[in-house]
Amino acid sequence: MNMIETKNLKKTYGDFTAVEGINLHIKKGSVYGFLGPNGAGKSTTMKMFLGLTKPTEGTFVIDGKKYPKNRMEILKEVGSFIEAPAFYGNLTGEENLDIVRKILGLPKYSVEEALDLVGLTQYKGRLARKYSLGMKQRLGLASALIGKPPILILDEPTNGLDPVGIHEIRTLIRSLPKKFNCTVLVSSHLLSEIELMAEDIGILNHGHLLFEGTLEELKNAARLKGFPTENLEDMFLAMIEEDNERGDSRR
Amino acid sequence: MSGFLELKKVKRTGLWPAVFGGGILAALVPIINTAVRKEVFLQMEGSALAILMNENWQMMAMLNLLFVAASACLLYHTEYGDNAIQRMNTLPQRESKMFFDKFFLLSAFCLIMFTIEGAGLAFSAVHCFPGDGKILRDAAINMGYAFVLILPGVLFMLLISAACKNMWISLGIGVICVFTATMLPGDNFALSLFPFALPFHIIPGAKVLAEKYMIALGGEMVLGILAAITFFKVRRLFA
């Protein structure tokens, strides 16, 4: 069963097409890696799922609920972290999470739980504006994870973290489907991260979905096209290059 | 419940000191004015509160409006400053609800300020006009009327702040509106309905005029609420 499904989802800004008719299928209880170079349309797609930007065309369904009709029901089920950490700088980490907790109607212990999950318990009493970049990133993740939502949408969650932090968050994300019966849509431009976290992959370039499937299927597709298959980075770069050349010739 | 959330968000913003500081500063206006010009006031005709309101309310109203402008900008700067509003928009709550919670919070702050100012007026009246038995009642009526008249200004200032991501733009617009209001002729009824001009009015002697203002105020509030709801809906559509 697909937790998130899109049908010809499109987003244009004037004459610029950010996302071009994509059809995503994100299975329930899986980690789906959303890959693409900068400006490919990953964040735009995720923003559409959260109602931060309105699709120009197409539809999507999240856990059987259609947007925009069931927008509030969708948001009740989704924990998200988009682009950069979003917080109240004048409040402590704990106070920031408490605001989210109250809006979601969660019990008081959810805050401690979320802080513990991301390793911020020690710094919960510090003002958010005094956090380092890594701490802000962890706060954003805690805000997404609070209450263990059934769906997580994470946009480059390991940005700004040190290698130890990256490993911690990656391990956490990988464990979420089994531990909390959670479906995770995670985007990254760190291919090695996606390779270690995700079961299914979607590759986006200039708003087009170039590939969707498992890593094994990606390797087979790359082999058929004569692309290098030793590692994901080479496969990815070859696919992007081919698409860019195709795009240039179209123009 | 969610009104208390907005209260939590203003921690460490300086808003609480501004409420009490602003209220005390405005309350000092009649106290100092009375201390310096007591003999002049005693020769004027009218009730104690009417004289004090006539002589002091313009300055007090200006301070109140500047507080409203600055506070409304600050309430939305806490949302836009570190992009907290993006997180709020991904939670199951409507942006218009957050707006109205901020409106109720800012109105509550204004009520606290008016209570302090009313105490200042009453204090001045008691010391300048001993023997006037209706001071407390008149102070309460005047402050109640003033509180109601400032509500459209609060609503529209919050709407301006919600629309402008850059706090300095909304603050600039607010300050311009406040000073424009001071330049409008007071005897023109239509112009006196400008939301930032309303708070300068004191309770008129004629009951009919007071009723007219209340009806107009009700209309402005309805318009403001509809404008806010429409604005958030349209902003979402074009996001």
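This is a predicted model: local features need pLDDT of at least 70, side-chain atom pairs count only at pLDDT 80 or more; totals for chains, interfaces and linings use all residues.
Residues are numbered from 1 along each chain as its sequence is written, and chains are lettered from A in the order in which they are written. Local features need pLDDT of at least 70, side-chain atom pairs count only at pLDDT 80 or more, and totals for chains, interfaces and linings use all residues.

**Exercise 1. Describe the overall build of chain A.**

Step 1. Count the elements. Chain A has nine helices and 11 strands (DSSP runs: H or I of at least four residues for helices, E of at least two for strands, numbered from the N terminus).

Step 2. Check the contacts. Of those in chain A between residues at least 6 apart in sequence, 67% join residues at least 24 apart. A contact means C-beta atoms, placed from the backbone, within 7 Å.

**Exercise 2. Work out how α4(A) and α5(A) pack.**

Step 1. Take the geometry. Helix α4 (residues 109-118) and helix α5 (residues 133-145) of chain A pack at about 130°, with axes 9 Å apart. Axes are lines fitted to C-alpha atoms over the stretch in contact, and angles run from 0 to 180 degrees between N-to-C directions.

Step 2. Classify the angle. α4(A) and α5(A) are therefore oblique to each other (under 35 degrees is roughly parallel, over 145 roughly antiparallel, 65 to 115 roughly perpendicular, the rest oblique).

Step 3. List the residues. α4(A) uses A:Ala114, A:Leu115, A:Leu117 and A:Val118, while α5(A) uses A:Arg138, A:Leu141, A:Ala142 and A:Leu145.

**Exercise 3. Characterise the side of chain A that touches chain B.**

Step 1. Count. 24 residues of chain A contact 20 residues of chain B.

Step 2. Locate. α2 (71-77) and α3 (93-104) of chain A each supply at least two residues of this side. The largest share, six residues, comes from α3(A).

**Exercise 4. Decide whether A:Gly93 is buried or exposed.**

Step 1. A:Gly93 lies in helix α3 of chain A.

Step 2. Apply the cut-off. A:Gly93 counts as buried because it has 29 C-beta neighbours inside 10 Å (20 or more is buried, 12 or fewer exposed, in between partly exposed; C-beta atoms are placed from the backbone).

Step 3. Find partners. Beyond neighbours within four places in sequence, A:Gly93 contacts residues including A:Leu115, A:Tyr123 and A:Leu139.

Conventions: Two residues are in contact if their C-beta atoms, placed from the backbone, lie within 7 Å.
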